[in-house]
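Here is a short briefing on one protein chain. Keep the sequence and the 3D view open as you read.

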Amino acid sequence: MKKNIALSPNIETLFGTRDENLHVLEDGLNINIDLRSDSIELEGAPRDVARAEQLFTDYEHLRKTGHQFVNGDLSSMLRVVVGDPNATLRGLAEAGRQRSFGRRTVQPKSPNQRRYLEAIEHHDMVFGVGPAGTGKTYLAVAMAISALLNKQVNRIILARPAVEAGERLGFLPGTLQEKIDPYLRPLYDALFDMMDPERVERYLEKNIIEIAPIAFMRGRTLNDSFVILDEAQNTTSEQMKMFVTRLGFNSKAVITGDVTQIDLPNARRSGLVEAVDILQGVNGLAFVHFDESDVVRHHLVQRIIRAYDEHKTKLAEQQMSLLEQKPGTPPAPLSSSSSMPIDESRLRN
């Protein structure tokens with residue numbers, strides 16, 4: 001099927017640098033896009049052509065209503081649209097416009113990120129599990145700030161286990177807050193990226209935003225709060241059970257972690273791994289799993305994560321092959337050099 005779309009003023013801003021956005025549409029929708037002097041020709045299956053036509057229509061509507069695409073948001077949204085048949089460019093843009101993220105505009109950059117944001121909106125407790133760089137913590141903090149600025153909650157509580165990443169830092173100097181700050185720095189980074197530093201400091205002083213180790217959560221009931229537990233793979237079973245039972249009225253909780261980076265001592269089982277197993281069937285909870293395709297850091301990070309996954313799979317296959325060998329299996333035959341006949345006369349001497 002072929003379809004011609006008339007060229008409208010400034011439509012070329014959709015194409016991207018060196019037509020990279022058109023290549024995203026061609027690859028994602030399995031269509032051919034041919035730029036003519038006065039039109040754009042779409043060729044492919046009827047359903048795919050219809051989706052591409054709707055995308056051009058949505059872009060034209062957003063442009064006329066004054067929507068601005070910044071920081072590569074358009075390319076990210078196009079990837080979400082081609083990866084999720086239920087997503088539309090207009091729907092993604094208007095959903096981002098409805099949320100208030102302080103000084104940042106936050107858009108999902110993959111279908112899983114979109115599902116993650118929607119899960120946080122519609123559920124009181126969400127688990128985000130996946131590798132580094134997939135936006136688990138950043139998007140959770142963004143949604144917390146949105147809820148606070150829209151007066152859906154009265155405070156934000158950010159918690160993290162105080163566990164070193166395979167190191168022993170010893171006794172840190174300073175006050176209790178100064179001792180735990182190094183463990184909580186990623187949460188501060190996300191806050192300062194989305195809000196003015198003066199505003200963050202003011203909220204911290206008034207305890208509107210509270211950042212603390214998970215041990216400080218014991219015995220508390222958190223009402224009218226947006227609570228985030230980061231690096232949850234480093235919680236123990238007891239800590240995780242304690243945290244998920246802190247939730248009070250009109251509150252949300254987001255638990256994020258990467259089960260491939262567990263730093264618990266003595267090979268203890270991660271509270272996050274156990275919680276995913278135990279709570280899978282509980283009504284009202286949502287689980288969103290990310291993979292390397294959701295990584296939004298440097299493109300090398302995707303390749304590194306994939307390499308580690310392949311290495312882990314290879315090791316597991318080797319272990320399985322060793323376990324499958326039966327105990328009575330005869331040893332491998334000796335080489336020809338070691339199987340030469342023995343001179344018995346020499347043994348008698």
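What is the order of the strands in the open sheet of 3 strands? The order is 1-3-2, and the pairing is antiparallel. Strand 1 (2–6) and strand 2 are the edge strands, each pairing on one side only. On average, neighbouring strands of this sheet are turned by 20° against each other, direction ignored. Keep in mind that this is a predicted model.

**The chain as a whole**

- The chain holds 12 helices and 9 strands.
- It has 349 residues, and 42% of them count as buried.
- Take the contacts between residues at least 6 apart in sequence: 72% of these join residues at least 24 apart.

**The antiparallel sheet**

- Strand 2 covers residues 32–35, and strand 3 covers residues 39–43.
- These two strands run antiparallel and are joined by 4 bridges.
- They form a hairpin, with 3 residues between them.
- Two facing pairs can be picked out in the view. L35 stands opposite I40 in strand 3, and D34 stands opposite E41 in strand 3.
- In a regular strand, side chains alternate between the two faces of the sheet.
- Helix 2 (residues 46–64) lies across strand 1 and strand 3. Helix 2 runs at about 150° to strand 3.

**A closer look at E41**

- Is E41 buried or exposed? E41 counts as buried because its relative accessibility is 11%, under the 20% cut-off.
- Which side chain makes a polar contact with the side chain of E41? The partner is the side chain of R36, at 3.0 Å.
- Now leave aside the neighbours of E41 within four places in sequence. E41 is then in contact with K2, K3, N4, N32, I33, D34 and R36.

- A second topic is the open sheet formed by 6 strands, in the order 6-5-7-8-4-9. Its pairing is parallel.
- The edge strands here are strand 6 and strand 9 (285–289), and each pairs on one side only.
- Neighbouring strands of this sheet are turned by 15° against each other on average, direction ignored.
- Inside the order, strand 7 and strand 8 pair in the parallel sense over 4 bridges.
- Which residue in strand 8 is the bridge partner of I228? The partner is V254.

- Most residues other than glycine have a negative phi.
- D224 has a phi near 50°, a positive value in a residue other than glycine.
- Where is D224? Look in the loop between strand 6 (209–213) and strand 7 (225–229).
- D224 is partly exposed because its relative accessible area is 28%, between the cut-offs of 20% and 50%.
- N250 also has a positive phi, near 55°, and is a residue other than glycine.
- N250 sits in the loop between helix 9 (237–244) and strand 8 (252–257).

**Residues brought together from apart in sequence**

- V106 lies in the loop between helix 4 (89–98) and helix 5 (111–122).
- V106 is buried, as its relative accessible area is 5%.
- V106 and A142 are 36 residues apart along the chain. Their C-alpha atoms are separated by 7.4 Å.
- E94 lies in helix 4.
- Why does E94 count as partly exposed? Its relative accessibility is 25%, which is between 20% and 50%.
- E94 and H67 are 27 residues apart in sequence. From C-alpha to C-alpha, they are 9.0 Å apart in space.

**The second largest pocket**

- About 380 Å³ of space lies in this pocket.
- How many residues line the second largest pocket? The lining has 17 residues.
- P131, D258, T260, I305 and D309 lie nearest the centre of the pocket.
- Helix 11 (residues 299–324) gives the largest share of the lining, with 5 residues.

How values were computed
Residues are numbered from 1 along each chain as its sequence is written. This is a predicted model: local features need pLDDT of at least 70, side-chain atom pairs count only at pLDDT 80 or more; totals for chains, interfaces and linings use all residues. Side-chain values use heavy atoms; hydrogens and water are left out. Buried means under 20% relative accessible area, exposed over 50%, partly exposed in between (1.4 Å probe, protein chains only). A polar contact is a pair of N or O atoms within 3.5 Å; within protein, one must be able to donate a hydrogen and the other to accept it, and residues adjacent in sequence count only if both atoms are side-chain atoms. Contact means heavy atoms within 4.5 Å. Two strands pair if DSSP finds at least two bridges between them. Axes are lines fitted to C-alpha atoms, for helices over the stretch in contact, and angles run from 0 to 180 degrees between N-to-C directions. On a 1 Å grid over the protein atoms alone, a cavity is a set of points where a 1.4 Å probe fits but cannot get out, and a pocket is an open set with protein on both sides within 12 Å along at least five of seven lines; lining residues have an atom within 4 Å of a point. Grid points are joined across faces, edges and corners, and a volume is the space filled by probe spheres set on the points.
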